[in-house]
Amino acid sequence: MSQTHDSRTTPFDTLLVANRGEIACRVMRTARAMGLRTVAVYSDADADARHVREADEAVRLGPAAARESYLKVEAVVEAAKRTGAGAIHPGYGFLSENGAFVEALDAAGITFVGPPASAIAAMGDKSAAKARMANAGVPLVPGYHGDDQDDALLRREADKIGYPVLLKASAGGGGKGMRVVESGENFQAALDGCRRESQAAFGDTRMLIEKYLTQPRHVEVQVFCDSHGNGVYLFERDCSVQRRHQKVLEEAPAPGMTAELRREMGEAAVRAAKEIGYVGAGTVEFLLDKDGSFYFMEMNTRLQVEHPVTEMITGQDLVEWQLRVAMGEALPLTQDELTITGHSFEARLYAEDPEQDFLPATGTLTRFAMDLEGAGLDPERVRLDSGVETGDVVSMHYDPMLAKLIVHGDDRDQALSTLNRALAALDVQGVVTNRAFLQRLATHPSFKACELDTRFIEKNEATLFAPKQYSIEEYAGAALIGLNQLARECESDSPWDRHDGFRLNAPHTIRISLCDPAHVQDDENSENVVVVEGTRASGADPWDLTIGGETLTARLQHLEGDAVAVTLNGHRRRLQARRDGNVVVMVDPRGETRLFWRRIDAIDHGHHEAESTLTAPMHGTVVALLVEAGQKVEKGMPLMVMEAMKMEHTMTAPADGHVESFHFNAGDTVGQGDVLLEFAPAE
């Protein structure tokens, strides 16, 4: 063990958490239980964030951009000195796997709650790590991990390995700078995109190439080592359900594991950790093939996002283990003393829209709550680790994960049932999330049957994203909410009143269309559009809604917050409702319904504008312009690349035509809804 880590044997009474959001709150919870004072750090964007509110002290690091705040080593070290923090817990992400940060703490006499800098360096370079693992007898996936990064050489190596191959940032993790390449003709474009993402996320463009196994499971092993030479594994987690190589649902233990396979993978993981002189909590990730063979993928030299499922099945607090090991104590338990009890799932709640290719979402959380008692859930079996509360702002600057929902059951079926009930009880409003998508995943027959691999979402896309079949009641409810909002806007002298002839005090018919938001511009899917005619004599009278020849008397009553009561032909339903632009969002115990709402009786420029302009779907930065102004393009052709929340998004041509002009250049910051370019459809 490196002599620079003698500070590990020094107890400390104040802990600085060099992170934000959910993980900062979670670490501080254990620290307070151990009697430690807690210090938070924050950027300008997080000045009022939950982790700042909960800490005993908090220190500003800098502006919103992570590179000017959370990634500034000197600012974090100075914050620790200023507050008398004897130790720093890095959480995950940011500086958690930064060897230079660890060395700076060593020089300052501050304990790093994590491994030595040498261990981080050994696993931080994926190519070098592969060589170390081969020496330790850990199985490896066939691939290229060399230093020569010439484009032509990388292409030849990919051809030699055989497609599909996986391009992966050598210095990366978390799905950044990682893409599957299905054929040689797509290799260069994928390589360029990976390098851009890797440069932005890690300041490094080196790539490695691996054979892409077509049906592997992602199974990882939790390891723990102390400074006395002890090492154990706390069993495994299955993290196969992913989108864009980032985990969505995790569970422990992994389904279908035999005692022999669990032991083999666990012992290989401990060998990997000891090979690099590891200390603290770490995760060794493997690809598990259908035949039971497994291959080393990478080691995360930090606490994992999904560590709570391991805590649930072992009954151990891994953050407490981290802090005690950092104080120089031996591991609390030996391998023989560790046991598995029951089954656990974790669902990651993201601010993103799965229906729009998982685009990140921003905004203010108007409500964030979970009613365990009302749902009949045992608080000992359900845990919500979050970094946000009602009223908090979700910004464009950081990862879109809001919270983690963790559940426990006596077996997998019971745990899965609890997960579904808990997801239904989770009430999140104001920001689009993947909550409804998580419910579809957890109730999918293939997931329930343990038919798992890393392409689960892709393979089941047709059913996971099947067009929703809307009921008359859902169409009527959405129409009523939109019409009611329109009436309220007219009462306040809105521009609606000046342009469309709508009058509150005279009989008037309004024709609107309602459709799935995913099909707003899909002219070939007219069956997804329903025309609603609404007539009302005055602002106090109910609406008469005609949908597909059926007429309903409809009334809407506003309740507390976003709650409303919708009455259709005397049948009253209570639900949460809001308008997100032109999308009406309705939530009740049966699930969530989203419908795009548009008037078609008045002059409507929306369709024309959709054809002639392209707007930003989220806040972000323009990375690249892929065509020239005036250039002819075909429908679906990439036009420009945006980056938001550490991920790239490609904007494509909505039809055949040409780009008349761009409104932004590479490097410019854009807001959600900003017009990016002028597009002229072909005649």
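Trainee: Are Y470 and Y475 buried or exposed?

Mentor: This is a predicted model, in which local features need pLDDT of at least 70, side-chain atom pairs count only at pLDDT 80 or more, and totals for chains, interfaces and linings use all residues. Residues are numbered from 1 along each chain as its sequence is written, and side-chain values use heavy atoms, with hydrogens and water left out. Buried means under 20% relative accessible area, exposed over 50% and partly exposed in between, with a 1.4 Å probe and protein chains only. Y470 and Y475 are both buried.

Trainee: How many aromatic pairs does the structure hold?

Mentor: Rings of Phe, Tyr and Trp (its six-membered ring) pair if their centres lie within 6.5 Å; planes under 30 degrees apart count as stacked, over 60 as edge-to-face and the rest as tilted. The number of aromatic pairs in the structure is 13.

Trainee: What kind of pair do Y70 and Y398 form?

Mentor: A pair of aromatic rings is described by the distance of the centres and the angle of the planes. For Y70 and Y398 the centres are 5.7 Å apart and the planes stand at 80°, so the pair is edge-to-face.

Trainee: How far apart in sequence are the parts that Y70 and Y398 tie together?

Mentor: Y70 is buried at 1% relative accessible area, and Y398 is buried at 3%. Y70 lies in the loop between β3 and α3, and Y398 in the loop between β21 and β22, so the parts tied together are apart in sequence by 328 residues.

Conventions
Helices (H or I, at least four residues) and strands (E, at least two) are DSSP runs, numbered from the N terminus.
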